Amino acid sequence: MAKQGETSYMHPGLNKPGAIPLFDLPTLRASLSDKYDLAPSPEIAAELSHIYDRMSRVVTPADWAIYAPYVKAINALKKERNAVILGHNYMTPEIYHGISDFGGDSLQLAIKATEVEADVIVQCGVHFMAETSKILSPEKTVLMPDMEAGCSLAESITAEGVEEMRRRYPGAPVVTYVNTTAEVKAASDICCTSSNAAQIVAAQDSDTVIMTPDQYLAQNVAKEVPQKNIVWWEGSCIVHEQYSAKDLRDFREWNPGTRLIAHPECPPDVVAEADFSGSTSGIIKYVTDEKPEKALLITECSMASNISDQLPEVDFVGPCNMCPFMKKITLEKVLYALDTMTGQVEVDPSVADKARLSVQRMIDLSHQLGI
Ligand code: SF4
C-alpha cells in the first residue's frame, strides 16, 4: 500500500487482460507496415497540408512527411470503427492536431466522451483519463494505446490511503483530484480539477477538508481558501515538482518582459513567483486573452507547442519539462490499438458506480456555483 509521503510507480494497466504487448517501436512499425503503407511520403504530407497548418510552427516539413502516412491511416480507421480520439493538451502536436477529434484537459475530454455518438473512444493521454472516460461512458469501448502510460500523482495513493486519511481526520470530507484511479475516486466524497479545486473546497460543509493526492495543489488551494483547515496527501506530479522559485527568478532576470505562467501542480513558492497560475484550460484562456509578447509556460512541454499556431503573436520561450508517461503515446501505438482493438480499459462496475458519484457531485456543484 502506498503510504502518505511515498510515491510508487506501479503501472496500473500492466498485466491486465487486453493490455497491448510492450513492442519496441521498430518492431511495431514493421508489424504495421505489413498492412499499411507507412513509408515517409511528401505526397501524403502535401495532401494533408490543411492538417499540417495547425502545427507548422513546431513540426518540420521533414517530420511531417514521416507522420502524415500514420495520420492518414488512423483517420481512415477512425471512420471504419466509428471511433473518436481524445487528445490531452500534453500530447505531441502530431497527435493533438493530427488525429484528435477533441483536445483539452482530462475532465473536458471525459465529458466530451459522454456527448459523442461514437462506439469507440481512443484516449490519447494517461491511464486514469481512460478510466474516467470509461466511468462516464460505460457503454463505449475505451482504448488506451499504451497501458504503461501512468501518472505519478495517480500512483501515489490507493483507496486504503484515502481511508487512512479519514481515520486521521474523522468527519472531514475527502476532495480528490481527478488525476487518480477509479478506486480512489470511489473512496472519496467529491472530485475536483485544478480549475475548480478552490471553489469545491470552499463549498464543503466542514472546517477541515482532506485533499488528495497532490500536496502542491492542496497547498496552493490553502492560500486561496484560508478559512478552511486543509490537510493533504503527499503525492506530487513529477513534471511540475521539478520547477523551483529560483528557476523563475533567474529566468526573469535573464529574460525581462516574459510573462511567467505556472500550473497549480507546481510548488507554492513557484506559483508565488509566477505572473499567473491556472489549469491547462486556464492557461490557454489567459494567454489567448492577454497575448503577451513572450510567455514561459511552467508546465509540460507540449502545452506551448499545441497552442503556438493559434497564437502567432506570442513568442513561447524557455525551458519546459516533459511528462514521460504522456510521451508513451505515439502514432504507431494509436494505429495498433485501433487496428487490433487491443488496450481496452475496464473498470469494475461497482467501483465505477461509486467513482461516477464523486465525479458527478463535482460537476453538479460546479454548475451550482456557476463555474
Ligand atoms: S504531467 Fe504530471 S499529473 Fe500529468 S500525467 Fe504526467 S505525471 Fe501525471
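## A loop residue and the model

Asn-82 lies in the loop between H4 and S1; helices (H or I, at least four residues) and strands (E, at least two) are DSSP runs, numbered from the N terminus. The phi angle of Asn-82 is near 50°, a positive value in a residue other than glycine. Asn-82 is partly exposed, with a relative accessible area of 36%. Here buried means under 20% relative accessible area, exposed means over 50%, and partly exposed lies in between (1.4 Å probe, protein chains only).

The model is predicted: local features need pLDDT of at least 70, side-chain atom pairs count only at pLDDT 80 or more, and totals for chains, interfaces and linings use all residues. Residues are numbered from 1 along each chain as its sequence is written, and side-chain values use heavy atoms, with hydrogens and water left out.

## The whole chain

The chain holds 17 helices and twelve strands. Its C-alpha trace spans about 65 × 55 × 35 Å along the principal axes. A compact globule of 371 residues would have a radius of gyration near 21 Å, and the chain agrees because its own value is 21 Å. The radius is taken over C-alpha atoms, and the globule rule is 2.2 Å times the number of residues to the power 0.38.

Buried residues account for 58% of the 371 residues. Of the contacts between residues at least 6 apart in sequence, 65% join residues at least 24 apart; a contact means heavy atoms within 4.5 Å.

Helix H16 (residues 331-340) has nine of its ten residues buried, so it is largely enclosed by the rest of the structure. Among the buried ones are Leu-331, Val-334, Tyr-336 and Asp-339. Their cover includes helix H1 (25-33), helix H4 (61-81), strand S1 (83-88) and strand S3 (120-124).

Helix H7 (residues 127-136) is mostly covered, with ten of its ten residues buried. These include His-127, Phe-128, Glu-131 and Lys-134. The buried residues of H7 pack against S1, S3 and S4, and also against helix H6 (106-115), helix H9 (182-186) and helix H17 (349-369).

## After helix H16

Met-341 is found in the loop between H16 and H17. This residue, just after H16, takes a positive phi of about 55°, although it is not a glycine. Met-341 is partly exposed, with a relative accessible area of 22%.

## From Pro-213 to Gln-215

A cis peptide bond joins Thr-212 and Pro-213, with omega about -10°. Pro-213 is found in the loop between strand S7 (208-212) and H11.

Gln-215 belongs to helix H11 (residues 215-224). It is buried, with a relative accessible area of 14%. The side chain of Gln-215 reaches the backbone oxygen of Glu-234 at 3.3 Å. Not counting residues up to four places away in sequence, Gln-215 touches Trp-232, Trp-233, Glu-234, Gly-235 and Ser-236.

## Glu-273 in helix H13

Glu-273 is found in helix H13 (residues 268-273). With a relative accessible area of 23%, Glu-273 is partly exposed. Leaving aside residues up to four places away in sequence, Glu-273 touches Ala-245, Leu-248, Arg-249, Arg-252 and Leu-260. Ala-262 is eleven residues from Glu-273 along the chain, and their C-alpha atoms are separated by 8.9 Å.

Conventions
A polar contact is a pair of N or O atoms within 3.5 Å; within protein, one must be able to donate a hydrogen and the other to accept it, and residues adjacent in sequence count only if both atoms are side-chain atoms.
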